[in-house]
Amino acid sequence: MKYIFGNWKMYLNFEESVNLANFLFTEKLDDSGIELAVFPTALVMKDINNILKSTSIKTGAQDAGHPSKGAYTGMISAEMYKEIGCEYALAGHSERRHLFGETNKDVRAKVESYLDAGLKPVICIGETKKDRDSDKTRYRLAKQIMRAFEGLSFDEGQVLVAYEPVWAIGTGNACLPADATDRIDFIKSEIAKYSQNFVPVLYGGSVDEDNVLSYFSLGSIDGALIGSASTKISSFGNIIKSVLK
Ligand code: PGA
């Protein structure tokens, strides 16, 4: 099973999000061979779930708060996303870690709350340029994995990881497929220290319609988490169609 996940971030307004979901629906871009999911803004989630409900296309939250209920102004809990039909939620996306100061501890709390709510966490990890330049990529990845997985109990198929080098996100400077494979093999061997369950690992960072197949042709990469190229009908449509061929 290969995964194509589209992280729409804060790129699309209500109408644009609905248009893109309608496109996925009318083009019948779901297929049993791939797991396709989109991560729209919270504002439009219920409408998108309605549009896609007769398809196999799933939705996920870009982030969710880890308390399940209470006096947390501005937060939306994992349970609330589950209630309106979401399947996944990102945990620790690089923008959450670097713009909003989320720590490995926060990410772990989110992973546990997502699992409790019945959502599948997509745990985002990746090294910064500084890490890479100082030869700390493996150290950074191993630490993020340890904090997320040590002592975590989950069923097979309930947890995914996205390897997203911070320097590759939104820069057009995608990680070379061979290097991404090498990191993903390392990530899988680190996860195996904490769990015998198979955990799919996706690559993310400047994936587009020109380079997507170079990631999908490599065995250890289980899919792609795509940001800006997933927000346009033409590029997202071409990505999905090329992988489905
Ligand atoms: P990008 O974003 O494809 O725009 O680089 C990927 C991501 O942040 O998930």
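The expected span of a helix is 1.5 Å times one less than its number of residues. I took helices (H or I, at least four residues) and strands (E, at least two) as DSSP runs, numbered from the N terminus.

**Basis of the entries.** The model is predicted, and I noted that local features need pLDDT of at least 70, that side-chain atom pairs count only at pLDDT 80 or more, and that totals for chains, interfaces and linings use all residues. Residues are numbered from 1 along each chain as its sequence is written, and side-chain values use heavy atoms, with hydrogens and water left out.

**Entry 1: helix α10.** I looked up the length of α10. Its 12 residues should span 16 Å at 1.5 Å a residue, and the end C-alpha atoms are 16 Å apart, so the two values agree. I then listed the residues of α10 that are buried (under 20% relative accessible area; exposed is over 50%, partly exposed in between; 1.4 Å probe, protein chains only). They are Ser235, Phe236, Gly237, Ile239, Ile240, Ser242 and Val243. These buried residues pack against β1 (2-7), α1, β2 (34-39), α9 and β8 (223-226). Contact here means heavy atoms within 4.5 Å.

**Entry 2: α1 against α10.** Two packed helices are described by the angle between their axes and the distance between the axes. Axes are lines fitted to C-alpha atoms, for helices over the stretch in contact, and angles run from 0 to 180 degrees between N-to-C directions. The axes of α1 (residues 14-26) and α10 (residues 233-244) come within 11 Å and cross at roughly 30 degrees. α1 is therefore roughly parallel to α10. Angles under 35 degrees count as roughly parallel, over 145 as roughly antiparallel, 65 to 115 as roughly perpendicular and the rest as oblique. The crossing of α1 past α10 is right-handed. A crossing has this hand if the near helix is turned clockwise from the far one by less than a right angle, and is left-handed if anticlockwise.

I next asked which residues of α1 and α10 meet. From α1 they are Asn19, Leu20, Phe23 and Leu24, and from α10 they are Ile233, Phe236, Gly237 and Ile240. The residues of this contact of α1 with α10 comprise 6 nonpolar, 2 polar and no charged. In this scheme Ala, Val, Leu, Ile, Met, Phe, Trp, Tyr, Cys and Pro count as nonpolar, Asp, Glu, Lys and Arg as charged, and the others, Gly among them, as polar.

**Entry 3: α1 against α2.** The axes of α1 and α2 (residues 45-52) lie 9 Å apart, and the helices pack at an angle of about 15 degrees. α1 and α2 are therefore roughly parallel to each other. Their crossing is right-handed. On the α1 side the contact is made by Phe14, Ser17, Val18, Ala21, Asn22, Leu24 and Phe25, and on the α2 side by Asp47, Ile48, Ile51 and Leu52. The residues of the contact of α1 with α2 divide into 8 nonpolar, 2 polar and 1 charged.

I looked at Phe14 separately. Phe14 lies in α1 and is partly exposed, with a relative accessible area of 36%. Leaving aside neighbours within four places in sequence, Phe14 is in contact with Leu43, Val44 and Asp47.

**Entry 4: helix α8.** Helix α8 (residues 177-191) has 15 residues and reaches 21 Å from its first C-alpha to its last, close to the 21 Å expected. Its buried residues are Ala180, Thr181, Arg183, Ile184, Phe186, Ile187, Glu190 and Ile191. I found that they pack against β5 (120-125), α7 (137-149), β6 (160-163), β7 (201-204) and α9 (212-216).

**Entry 5: loop residues.** I checked two residues for phi.

- Lys9, in the loop between β1 and α1, has a positive phi near 45 degrees and is not a glycine. At 14% relative accessibility, Lys9 counts as buried.
- Asp135, in the loop between α6 (129-133) and α7, has a positive phi of about 60 degrees although it is not a glycine. At 73% relative accessibility, Asp135 counts as exposed.

I then looked up two glycines.

- Gly92 lies in the loop between β4 (88-91) and α4 (94-99) and counts as buried at 2% relative accessibility. Not counting residues up to four places away in sequence, Gly92 touches Arg97, Glu102, Val107 and Cys124.
- Gly85 lies in the loop between α3 (78-83) and β4 and counts as partly exposed at 46% relative accessibility. Leaving aside neighbours within four places in sequence, Gly85 is in contact with Asn49 and Thr59.
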